[in-house]
Amino acid sequence: MAGYIVRRLLQAIPVLLGTTFLIYYMVFAMPGDPIVALFGDKTPPPQVLDQLRERYHLDQPFIVQYLIFLGNIFRGDLGTSFSGQPVSEILATTFPVTLRLAVIAVFFEMVFGISVGLISGLRKGGIFDASALVVSLILISLPIFVVAFVAQYIFGIQLGWFRTTVGPGAPTQDLILPALVLATISFAQIVRLTRASVIDTDTQDFVRTAASKGLSRTRIVPVHILRNSLIPVVTYLAVDFGVLMVGATVTEGIFNVPGVGRTLYQAIIRGEGPTVVSFVTVMVLIYLVVNLLVDLLYAVLDPRIRYAK
Amino acid sequence: MKIKRFGVVAIALAAAGALTLSGCTSGDASSSAGAGDSSAVVTTNGSEPQNPLVPTNTNETGGGKILDAIFAGLIYYDASGAPVNDVAESIETDDAQNYTIKLKADQKFSNGEPVTASSFVDAWNYGALLSNEQLSSYFFESIEGFSYDEDSELTGLEVVDDTTFTVKLKQPESDFPLRLGYSAFYPLPESAFEDMEAFGENPVGNGPYMLDGEGAWKHNEKIDLVVNPDYDGPRKAANGGLDIVFYATQEAAYADLQGGNLDVLDAIPDGALSTFQDEFGDRSVTQAAAIFQSFTVPDRLAHFGGEEGKLRRAAISKAINREEITDVIFSGTRTPAHDFTSPVIDGYSEDIPGSEVLDFDADEAKKLWAEADAISPWDGTFQIAYNADGGHQAWVDAVANQLKNNLGIDASGAPYPTFAEVRTAITDRTIQTAFRTGWQADYPALFNFLGPIYATGAGSNDGDYSNPEFDALLKEGLALTDLDAANEKFQQAQEILFKDLPAIPLWYSTVNGAWSESVDNVEFGWNSVPLYYQVTKSE
């Protein structure tokens, strides 16, 4: 197991190098001069432009720029944004917010998705199953910004149950509404996944054995059916958590959540190369770690899975 | 200039919201004015400043709004855009080239340092120095000693005593005093120069507000301002402070206004433009902005040089039905242009001789185009370049269609994916088509719409326009210390522009805003920013 983890971590190094190189290249290859754009519709004197290009190393060839960036990263220096804030500081303030948002969203997905999926699976073909199918279909087909705007309008403006956008400091109660919105996308998937898995497990021999041993249904369902049905669901949840961690740009924008997605979006709009690359580097890192954890989770949930030494 | 970049749509200046002038309401003080509690804190929308909060290094609205609140310049602009002395006691000149500036006595920064003549002179020198790489350094270019090529002191600035300094310009510029309310001309305390980086994070000013302690700027979230008790000028705050919340989208800010979490909003999202007036009634405003939109057809394009070019430009201008586009495409949120400036500027006139060229007349347009064809027959496609990330496609396509129908030529838009890309092509002159141009005034003066864009060799003269007659009139105007007389010269200069059409005027933008029931006395300034210091808040 330990050997497997070390190997996976070592594999992460070329992945990181490759992704940062690609991202850096793409930012570099973006047509147009971000320094010129800094001045809007006005044209500054060329000397001023040259000075600024020099400061951001934009006068160097691509490979030199990339090596400077890489060197700084290894020294723990992620650069500074145009507004003079160290990127590491921006990361430190935005990631905890996104983390809380992701945790709440995954919690909702889990509670609602698994319970609805379980009931649907156990009462296959019933009224509940049919309506759950329709509801999840609707949710899947709705774009997230529609759900977000409608939720904001109804619960924030009309009913006043939640603050319309996330207030200063992103208090947890303000994050509930955006988290619910985020949860709707995966809710439908989890319902389907759980349902299929429960139906499958329900027909397994060990469930029949348990029943014929005289175990009550209230014991069979949680212990024998649910537990064994959860393997694909947990995997999906973990991957989903990774996705949420790297930022939900649209939802964070609508609810003004000071998290990763909104910040990255603004950095892209402003052409702040260093901020974009540093953010994405950290995102890649998080994604790699989450993926590793998912793979390890398989073994924990299903003892049949063993990793090569 | 303050660049407004609010989300994708507003990456270009043109995206500032707008409505017709006829629907103009001024955010007039209502009967309950003065009933507000002077300790209540007003919340408003903003965006994360793109640069450290150093006055000479801020050229966009996010940071500009904050700087205007925490600094007091020599003058400020009242709601109509007229200059009023703030820190200055007097600004005097006999020849429009040499100025004597006297400050009010006993002015203080919020850290207790006195505001002296050196506070201004040192700050301007800092802003102008090449190696300091300040984004607004070009504001000092007319002061003697300024150089773009090497570090050099502004020798035209001289401290006479604690409250007096003199300014010598390279040439007479009568609108120099009008510029002094712009953020680049704010003073800096001595402590700023010790560590400008730290200062940009926790700026210390002399304005009606100050930061609410160290770290009041919560990046990407908001900035909290409290009343500066030491400020004793004409902009004394009528409320207890100002919280500027940073939004990534206008929609989120608007939802917060509807949800009661925001007091004053100075930008209405496109989706709400048709409904916000019904919803907020007399708590909303639609007001002309100092933003001029046009497109430029450079001389160097084939068929657009000399006499032929003049005829073709006039034909194009007359072939565009501005009224129809502002109504249909912008649902009345733009106003057709009648000149090269903006209606909010002192001296504006919509009846300048020659401005008929902006009136739609398809027959006349065809005739002019035919005259040009007689000189050299037209071939090819007429194209207008624009950035596709700024919401310009609709109007560019409409203009192209009108040209197609009214001139019988092939016309189309030429989209560039990003703002940076189209600006780069314009700046390095590789662009081979006409292109979208716009101008937002730095300070409320006619000259600011003319000199920097159409004077020979001017920085933003993207079309490389040059007309000695025009240059001479500008120069004459700048030498006149009487503003009305100067404006007359600038209007004559515009008559020349109407003949040459270095840019084809399209329309003016307007600003839309709304506010909550708990605030009063909301008025928007000439630059579309609310005058926060006079807002009163109940509760």
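# A briefing on chains A and B

Leaving aside neighbours within four places in sequence, Thr433(B) touches Pro298(B), Leu301(B), Gln383(B) and Ala385(B), where contact means heavy atoms within 4.5 Å. This is a predicted model, in which local features need pLDDT of at least 70 and side-chain atom pairs count only at pLDDT 80 or more, while totals for chains, interfaces and linings use all residues. Residues are numbered from 1 along each chain as its sequence is written, chains are lettered from A and ligands numbered from 1 in the order in which they are written, and side-chain values use heavy atoms, with hydrogens and water left out.

**More on Thr433(B)**

- Thr433(B) sits in the loop between helix H12 (419–427) and strand S17 (434–440) of chain B; helices (H or I, at least four residues) and strands (E, at least two) are DSSP runs, numbered from the N terminus.
- The residue Thr433(B) is buried, with a relative accessible area of 13%; buried means under 20% relative accessible area, exposed over 50%, and partly exposed in between (1.4 Å probe, protein chains only).

**Chain B as a whole**

- Chain B has 15 helices and 20 strands.
- With a radius of gyration of 23 Å, close to the 24 Å that the globule rule gives for 539 residues, chain B is as compact as a globular protein of that length. The radius is taken over C-alpha atoms, and the rule is 2.2 Å times the number of residues to the power 0.38.
- The C-alpha trace of chain B spans about 70 × 55 × 40 Å along its principal axes.
- Buried residues account for 63% of the 539 in chain B.
- Of the contacts in chain B with a separation of 6 or more, 71% are between residues 24 or more positions apart.
- Chain B has an accessible surface of about 18500 Å², and 48% of that belongs to carbon and sulfur atoms. Such areas come from the Shrake-Rupley method with a 1.4 Å probe; for residues, only the protein chains shown count as cover.
- There are 32 positive and 84 negative charges in chain B, and their mean positions are 4 Å apart. Lys and Arg count as positive and Asp and Glu as negative, with His and the chain ends not counted; each charge is placed at NZ of Lys, CZ of Arg, CG of Asp or CD of Glu.

**Two residues of chain B with positive phi**

- Ala96(B) has a phi near 65°, a positive value in a residue other than glycine.
- You will find Ala96(B) in the loop between strand S4 (88–93) and strand S5 (98–103), where Ala96(B) is buried at 0% relative accessible area.
- Asp106(B) has a phi near 60°, again positive in a residue other than glycine.
- The loop that holds Asp106(B) runs between S5 and helix H2 (117–128), and Asp106(B) counts as exposed at 76% relative accessibility.

- Glu60(B) belongs to the loop between strand S1 (41–46) and helix H1 (61–70) of chain B.
- Glu60(B) is buried, with a relative accessible area of 3%.
- A polar atom of the Glu60(B) side chain lies 3.1 Å from the backbone nitrogen of Gln50(B).

**Sequence and space in chain B**

- Trp515(B) is part of strand S18 (residues 503–515) and is buried at 5% relative accessible area.
- Gly305(B) lies in the loop between strand S13 (284–296) and helix H8 (306–319), and counts as partly exposed at 32% relative accessibility.
- Gly305(B) and Leu67(B) are 238 residues apart in sequence and 44 Å apart in space, again C-alpha to C-alpha.

**Chain A as a whole**

- Chain A has 13 helices and zero strands.
- The C-alpha atoms of chain A fill a box of roughly 85 × 60 × 30 Å along the principal axes.
- Of the 309 residues in chain A, 45% are buried.
- In chain A, 72% of the contacts between residues at least 6 apart in sequence join residues at least 24 apart.
- Chain A exposes about 14800 Å², with carbon and sulfur atoms supplying 70% of it.
- The side chains of chain A include 22 positive and 18 negative ones, and the centres of the two sets lie 13 Å apart.

Definitions and conventions
Polar contact = N/O pair within 3.5 Å; in protein donor to acceptor, adjacent residues only side chain to side chain.
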